Amino acid sequence: MNDTLLWYTTRGAGAVTLVLLSASVVLGILSALRVQSATWPRFLTTGLHRNLSLMTLVFLGLHIVTAVVDPFTHLGWLTAVVPFSSYYRTFWLGLGTIAFELLLAVVATSLARGFIGHGTWRVVHWLAYAAWPIGVLHGLGTGTDAFSVWFFPLTVICVGAVLTALGYRLIAGSRDPLAAPRADFEAAVQQKEA
Amino acid sequence: MTNLRLLDGRALELGAEGFAEHVRRLGPLPDAGPSLIDVVAASGLTGRGGADFPVGYKWRSIAAVSGGSAVVLVNGAEGEPRSLKDRLLMTARPHLILDGAFLAASAVGAKQVVLYIGEEHHSARQSMKRALAERPEHERRLVRIVAAPARYVAGTSSAAVHLVNAGVATPTSNPPTPHERGVDGAPTLVQNVETLAHVALLARTRQLPGTLLVTMAGGVQRPGVLEVERETTIGEAVAMAGGATEPSQAVLIGGYFGSWIEISKALTLFIDPQALRAYGLSLGCGVIGMLPASRCAVCEVAGIMRYLAGESSAQCGPCFFGLRALADACSRISEQGTNSSDLLRMRRWAAEAPGRGGCHHPDGAVMFLQSALQTFGDEFAQHPPHLRRSA
């Protein structure tokens, strides 16, 4: 009975991770596009993006831990950290491990942004664009529920949302609404003769 | 020599104290070198520009990486709207500041001193230039003078360094901090002019000067700069400034990045960075603003929030848009009366904004707003519509 509970938790947490991560990616793209209105200032987008990302890690942790401790699977802890080390569905589980580690890097560098500087953070943050599709493929490739009536439409919705946001970003570009006020301010604080 | 004060010597109306008079009064520049760092650290001196950062700690970390190549940036930008003490000190006692700068340069191993002086502080700049011309050649050749643009953020250490390096006084994100990589890439000590004047006295007496400079602002009979003992209470300082013009309702301690305190709790507080820190307060840049009972606190706060939002250097969204959203919500309450959604929005956004910008401008502005919401909770909760008026 307990084993079954672990197994259901693994699957459920995996599905929740997919939804949270996709929402976080969409919000990340929206904040790069500087989407905002009078009642929704941009720092709410980034705040939600940050909190969703942290929650993603929590459910991802649950997903991994329950999968590993499930005595039925015998996956072992190595599977969680070394890609393609699993005897079971080596390729598809390996994708999950890679996605997990990429996300860990993205979140860790965000938390340490004050120490590593903006430039380094930004470079690492692009890895989110790799982590998300790898995670989706992992779900489709090895998910017990991958093509069930509830999970497959969920995947389609998540992929659709991210692709829509991504397409929007590519078309709309990321026009910088701060360009004009920044130029004004910089003109006001130019060096003059001492 | 004990109990030296910053403004000892000739009357302030007589203008700057010349070099000969300065040396006659205090003696020549004492020997410094790295050993001064321990004296400064042991004294507990903290920065008087606003951040209240331990001076000895900063000097030690710069000396450790300097190798004789560091830069001392003397910060006389004084962009804080109500503060006057830095320009008064530069105008009246320029040699104290220069002493402090050369002592700091010798202690941390610096090969260059930059005087960063507010472009609108004309008499202060004249006085510092004249004082520099009186110093010996080996000191003069270390120094260059740069004008600080008259904007709030221009006094931030990273903005000062950016102006010297790139000609634009916008703050840059840390890391690297100026003390890691500052002017021309060298480790740079950015220190407020009053802090350096304290060092000039400290190097002579080996003890922390018992006084500091504050600017009394708002509802007092004689607004302006006072030199007060550290055991002076705010109530006593108000009396020294000729008393209040009318009963006050609250005090803003530390300028626009400071905290509001109800008058009943404020008057007995000591004007001492260490004592205030124990209450979770900061003397900041030393502005003590008295808010008269007849003035509307909400309208004052809205005016200052609009000012701080306008002083964003527009480099980061959370600061430019976030502060604007907060100032707008605050202004709506001020002009149209309390509405619960703006109140709720302010509380929520204020909790979201800190730590999100490249510099600390949004953090300072939000801390100011949070202390206002706390101290003037009732006023914000039941504010009648007021016509816009300038703060």
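**Strands, sheet and contacts**

Reply: Val71(B) stands opposite Gln112(B) in E2(B). This is a predicted model, in which local features need pLDDT of at least 70 and side-chain atom pairs count only at pLDDT 80 or more, while totals for chains, interfaces and linings use all residues. Residues are numbered from 1 along each chain as its sequence is written, and chains are lettered from A and ligands numbered from 1 in the order in which they are written.

Me: Why are strand E1 and strand E2 of chain B said to be joined?

Reply: Two strands pair if DSSP finds at least two bridges between them. Strands (E, at least two residues) and helices (H or I, at least four) are DSSP runs, numbered from the N terminus.

Me: What makes strand E3 and strand E4 of chain B edge strands?

Reply: The open sheet of chain B has four strands in the order E3-E2-E1-E4, with parallel pairing. Strand E3 (143-148) and strand E4 (188-192) each pair on one side only. On average, neighbouring strands of this sheet are turned by 20 degrees against each other, direction ignored.

Me: In which sense do E5(B) and E6(B) pair, and over how many bridges?

Reply: Strand E5 (residues 211-218) and strand E6 (residues 224-229) of chain B pair in the antiparallel sense, over six bridges. They form a hairpin with five residues between them. Met216(B) has Gly224(B) as its bridge partner in E6(B).

Me: Which strands of chain B does helix H5 lie across?

Reply: Helix H5 (residues 94-108) of chain B lies across E1, E2 and E4, running at about 155 degrees to E1(B). Axes are lines fitted to C-alpha atoms, for helices over the stretch in contact, and angles run from 0 to 180 degrees between N-to-C directions. Helix H8 (residues 157-166) of chain B lies across E1, E2, E3 and E4, at about 120 degrees to E4(B).

Me: How many residues of chain A are in contact with chain B?

Reply: 21 residues of chain A are in contact with 28 residues of chain B; contact requires that the C-beta atoms of two residues, placed from the backbone, lie within 7 Å. H9(A) provides the largest share of the chain A side, five residues.
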